[in-house]
Amino acid sequence: MLPLIVFAVGIVFHNYQRDRQAATQRVLETARSIRLLLDAEMQRMTGGLQVLALTNSLRNSDFDNFRRVAAGFLDQYGKDGVVLVADRSGRQAFSSLTPDTASLPPRNNLEIVEKVFTTRQPQYSNLFFGEVKQQLIITVEVPVIRDGEVLYDISFSPPIEVFQAMIERQRLNQDWTISIFDGDGVNLARVPNPQATIGQRASPTLFAEMFRRSEATLPTVSLEGVALITGFTRSRVTGWTVAAGIAENSLVAPLWRSLAITSVIGGVLLLVGLGFAVRMATTIARGEMLHDLLIEELNHRVKNTLAILQSIATQTFRSASRAERDKFEGRLGALAEAHNLLSTDKWQGSDLQDVVSRVLRPYLLNASERVRMFGPRVPLSPRLALVLSMLLHEMATNAAKYGALSNDTGTVTLDWEILADGPGPMLRLIWTEAGGPPVAAPVQRGFGSRLIERSARDQLGGEATVDFLPHGVVYTVTCTLETGE
């Protein structure tokens, strides 16, 4: 009997080692998935601020009118979000908290203000104590440019609860510890024990490795003294780090439980043969742990795919210009938003209205009347929803840079209808711009226009046309309609 029990124990331990390796990979994939969500949220905040920075009221220092525009942006973040506008010296010219800016103290993180003026690029702060809020905050900073010169730094401090809610939704069970660290390795969101740990530096076993590598898995000890298997990855967007760890005890406890059960029933298993003994030992050792890992893998399959795509893109565009990276990250962000919408609907497809609203959300925040949408409810297949999201993103980006959304008066009308006069239902979508700068047909078609035309032809089996009319650009996309059923 003893040799059989030893043999069964060996199988249990072998499978424990395999499960441990799978858990190590799982923590890294979880950290990558959360980093992707974090990057998408920060890019959404940045895009909203960049839209605010383009308003004439801010460029002309008309802060009374700008207050109304800023309120539209803040409505989506609740009462704790704050927008500030400061000059290069840190003097606050505008605050969403009060019109009496003369009583406000100067900005106390002048380093990041100077960096915005110097680089003319968005910046993301580390955790610091805000003089206005009188609490720990982070900020997203965007330059306000007029006539080629940086006029102001517009800053947004979102509620820290935004990041806390993000990781709480991703926490798989009580055995997991998840943190978001700023560029100095300080917790800005964490589960468990956020009240006691936000503002504290990462544990010594993790802190040292965070600044040696941008991504790794390793054994660590949490701030509570719990032994963890941890994976971390650093964001190239913000410079922040996401770490996810699972308690070692959650892997060891099933091992000891399995060994104990195997020893007790070893004599009984001997009676029914070696084959049944091996099978039972394997099933007991791996059942619960393997089942949980498979379910977790299923729930995160889309996020993992996007995390891999983000890594590939980062490597591919390492030597590209900032403008090229921004264009690609914008397209990847549109794809991520479409995936988020499909994930919410369990990949059963989405309604065209939801796809349009998700893509155009940054442009609807402060002036929803400038984008009008008309059309029936149209269920879309997942493939069609993804491709249309990319096309609409290109149209909106071009309109914000060069067309009707690049000033304060232009409008966009988006109409769609179902054509039923062919062998199958067809979707026709028309994007019409008006009131923007004068339009002239370009000598050479840009990548965005070519992307729209080729995607409609090659991926949707339809066609797309771009007409540069004097009053504004008109895009027409026609494709075969696949339902989301």
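Accessible area here comes from the Shrake-Rupley method with a 1.4 Å probe. Keep that in mind for the first figure. What you see above is a predicted model, and the protein chain in it exposes about 22900 Å². Carbon and sulfur atoms supply 56% of that area.

Now the chain as a whole. Of its 485 residues, 49% count as buried. The protein chain has 15 helices and 19 strands. If we take the contacts with a separation of 6 or more, residues 24 or more positions apart account for 62% of them.

In general, strands of a sheet pair through backbone hydrogen bonds, and the pairing is either parallel or antiparallel. Which is it here? The sheet is open, with five strands in the order β2-β1-β7-β6-β3, and they pair antiparallel. At the edges stand β2, residues 92-95, and β3, residues 123-124. Each of these has a single partner strand, so one side of each is left without a neighbour in the sheet.

Strand β1 covers residues 82-86 and strand β7 covers residues 149-157. How many bridges join them? There are five, and the two strands run antiparallel. V85 stands opposite I154 in β7.

Finally, the helices. Helix α3, residues 63-74, lies across β1, β2 and β7, and it runs at about 50° to β2. Helix α4, residues 110-119, also packs on the sheet. Helix α4 touches β1, β3, β6 and β7, and its direction makes about 135° with that of β7.

Definitions and conventions. Residues are numbered from 1 along each chain as its sequence is written. This is a predicted model: local features need pLDDT of at least 70, side-chain atom pairs count only at pLDDT 80 or more; totals for chains, interfaces and linings use all residues. Side-chain values use heavy atoms; hydrogens and water are left out. Helices (H or I, at least four residues) and strands (E, at least two) are DSSP runs, numbered from the N terminus. Buried means under 20% relative accessible area, exposed over 50%, partly exposed in between (1.4 Å probe, protein chains only). Contact means heavy atoms within 4.5 Å. Two strands pair if DSSP finds at least two bridges between them. Axes are lines fitted to C-alpha atoms, for helices over the stretch in contact, and angles run from 0 to 180 degrees between N-to-C directions.
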